[in-house]
Amino acid sequence: MMNVTTELWSHKTIARKFSKIIALKAFSDKFWISLAFLALTAVTIAGIFWIFAHPYATNWDEARYINRIYRDVAFFQQGGIGEFLKGVINEDRSRPPAYRLIALPFNLLFGVNPTIMRFVSLASLWVTCGFIYLAAKKIAGVKAGAFAVIFLAVCPLIIAGTMRFYVDYPLQLAIAAILYFILLDWNRETERKISWIGFGIALGLGALAKPPILLIAPPMMVVTLFLNWRRIIIRPNLSWMIKGSALAVAIMLPWWIFNFKPAIAKAFLSGKFVRHSLGEKGSLVTLGKWLFAFSQSLLGVGLTLLFLAIIATLIIKLLNKTLQINAVTAGAIAVCLAGSLPMMMLSAMGTNQNTRLISPTLITLSVAVGAIATLTGWTTNKWLAGIATVLICYQLTVMVSPTPGEIRYQKGDAASQQLLWGNHTNTMKRREQWDWTPVKEIVNQQKITKPLITYLGNYGTFNPPQIALPWVRENEPVSVAWLWQFTLGELNWEQVLTAAKSSNVIITAPQLIGGKADKQHLDNQHNAEFVKRLEKMPEFSSPIKLMMGRYEPVEVWVFINKKADPSKLPAEVRPLDIF
């Protein structure tokens with residue numbers, strides 16, 4: 001009997017120990033690193049397929065950035081590096097040039113086209129994630145680093161933005177590098193040159209990427225210096241910060257010294273962009289809409305639930321005093337949050353609430369979440385880690401998987417239709433692509449040089465830089481003016497028709513509705529009336545009708561006016577920047 005009992009006890013003990021080993025292996029460092037690699041690889045592969053499905057830009061902003069690279073390549077081919085640098089300093093003065101400087105070599109080497117540009121952006125995500133991993137690892141170990149990468153990799157808007165060619169990719173890279181180099185010497189007695197040099201280079205890159213770096217890097221620096229002043233950490237200290245900042249100034253100064261005013265003016269103007277306002281500034285209703293957009297577009301449902309659960313666990317453990325975080329570690333997490341919260345609060349209480357503009361805040365937030373998740377047991381406790389894995393895998397699967405029978409790959413849920421950037425259910429959704437080459441062919445047949453094109457309407461692929469792309473690719477002159485948009489108030493028909501008479505080409509789409517999230521339907525409300533008025537005017541030939549789009553084709557009407565005098569264009573209707 002004793003032998004049987006001993007044997008049973010022995011088996012139970014072995015089973016218990018074995019289950020502990022299994023649990024340990026299941027959520028070990030290797031598990032989280034593997035999951036991070038899997039998540040990043042999955043979104044990258046899905047992103048590559050998305051890129052190949054979109055030979056043209058998907059919206060106004062991306063179209064401008066793509067056109068700019070075409071022009072930069074033309075500069076380089078005409079006059080070498082000197083001509084290119086002149087263009088960097090003297091053109092597009094309101095937008096720092098990091099996105100152009102990084103993309104140019106690849107487009108010179110592999111050919112200039114949107115696919116190469118987007119590949120540069122997508123590849124930068126891996127480098128950014130490398131710095132994120134190292135930063136979180138410095139705070140709370142390997143699991144924290146891997147968890148931070150996973151968190152970022154399944155953020156819908158991070159992936160949606162990185163698949164496109166925006167100015168954000170060098171900013172995200174710079175933020176991740178800034179945080180890593182700050183943490184590299186965290187509370188060290190001896191200083192390493194590579195830390196402040198790396199910090200300076202990263203800060204300089206951030207300054208050459210986008211003005212919002214001012215809302216991200218300085219708060220992190222201030223918190224770091226405060227912790228050093230309070231003697232919570234030894235380094236980074238003031239001298240370290242001064243040396244790194246001096247290097248950053250040396251890097252950024254050649255561009256900013258010439259373009260400070262237009263760049264800052266553009267940043268403030270962007271903040272007042274009412275089209276992307278969610279409601280009355282500062283109201284609780286608007287704040288609720290912002291929180292909804294944040295949870296859907298920036299995090300997604302799975303990550304939102306996981307994020308709230310991690311924060312709730314942290315609060316409960318701190319209140320119960322079952323978790324103690326030393327001041328050095330808490331200070332590092334505070335630095336991460338300082339890189340996220342100020343910009344988020346400004347967006348929530350501001351006018352322009354385009355969630356893409358605050359997506360860079362997820363860089364430092366992901367590091368903080370990775371560290372907190374590890375400290376609170378979400379990467380080690382088998383139940384918590386299991387829940388985290390399920391939520392992560394759910395969101396990742398939804399993000400990259402097609403909707404059965406959907407021609408546009410993903411349909412998206414009801415919530416995604418209400419939001420400017422959708423959510424995790426339509427991250428990989430195929431967008432409409434309008435090829436404006438037929439319009440250039442029409443203009444060439446009419447022997448019109450230096451055409452002035454005016455248009456009425458709005459859509460993701462119906463905008464000045466997109467319309468101008470066929471001319472930009474050939475490095476030929478063209479001007480495009482928008483006749484009216486709803487933000488200007490009531491449409492002035494006399495002004496619009498006078499502008500049309502001054503134009504060589506007039507374009508509109510009488511049946512186009514457009515997306516409500518971007519308020520495009522308001523810009524398209526007069527398109528049909530515009531067509532009726534143009535058809536009655538003798539200056540214009542019969543309209544040429546083109547079918548644009550591959551999923552839901554739209555009929556676009558093109559009117560030609562051979563006797564147009566572009567010099568008579570009303571001052572209120574100005575050609576817009578196509579670069």
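Is Asp577 buried or partly exposed? Asp577 has a relative accessible area of 38% and therefore counts as partly exposed, where buried means under 20% relative accessible area, exposed means over 50%, and partly exposed lies in between (1.4 Å probe, protein chains only). The model described here is predicted: local features need pLDDT of at least 70 and side-chain atom pairs count only at pLDDT 80 or more, whereas totals for chains, interfaces and linings use all residues. Residues are numbered from 1 along each chain as its sequence is written, and side-chain values use heavy atoms, with hydrogens and water left out.

In one of them Asp577 is the partner of Arg64, with 3.1 Å between the closest N and O atoms. Because Arg64 lies in helix 3 and Asp577 in the segment after strand 5, this pair ties together parts that are 513 residues apart in sequence. Helices (H or I, at least four residues) and strands (E, at least two) are DSSP runs, numbered from the N terminus.

The side chains of Asp61 and Arg356 form a salt bridge with an N to O distance of 3.1 Å. Asp61 belongs to helix 3 (residues 60-90), while Arg356 sits in the loop between helix 14 (341-348) and helix 15 (361-375), so that distant parts of the chain, 295 residues apart, are linked. Asp61 is partly exposed at 32% relative accessibility, and Arg356 is buried at 4%.

Another salt bridge joins Asp168 to Lys210, whose closest N and O atoms are 2.8 Å apart. Asp168 is in helix 8 (residues 168-184) and Lys210 in the loop between helix 9 (193-207) and helix 10 (217-229), so the pair ties together parts 42 residues apart in sequence. Asp168 and Lys210 are both buried. Through shared partners, salt bridges join Asp61, Asp168, Lys210 and Arg356 into one network.

Helix 8 also holds Ala176, which is buried with a relative accessible area of 1%. Apart from neighbours within four places in sequence, Ala176 is in contact (heavy atoms within 4.5 Å) with Thr128, Phe131, Ile132 and Ile363.

Five of them form an open sheet with the order 2-1-3-5-4 and mixed pairing; two strands pair if DSSP finds at least two bridges between them. Strand 2 (479-482) and strand 4 (544-548) are the edge strands, each pairing on one side only. Strand 1 (residues 452-456) runs parallel to strand 2 and is joined to it by four bridges; in strand 2, Trp482 is the bridge partner of Tyr455. Helix 18 (residues 437-445) lies across strand 3 (505-508), strand 4 and strand 5 (554-560), running at about 160 degrees to strand 4. Axes are lines fitted to C-alpha atoms, for helices over the stretch in contact, and angles run from 0 to 180 degrees between N-to-C directions.

Finally, Leu253 is placed in helix 11 (residues 238-271) and counts as partly exposed at 41% relative accessibility.

Definitions and conventions. Salt bridge = Lys/Arg side-chain N within 4 Å of Asp/Glu carboxyl O.
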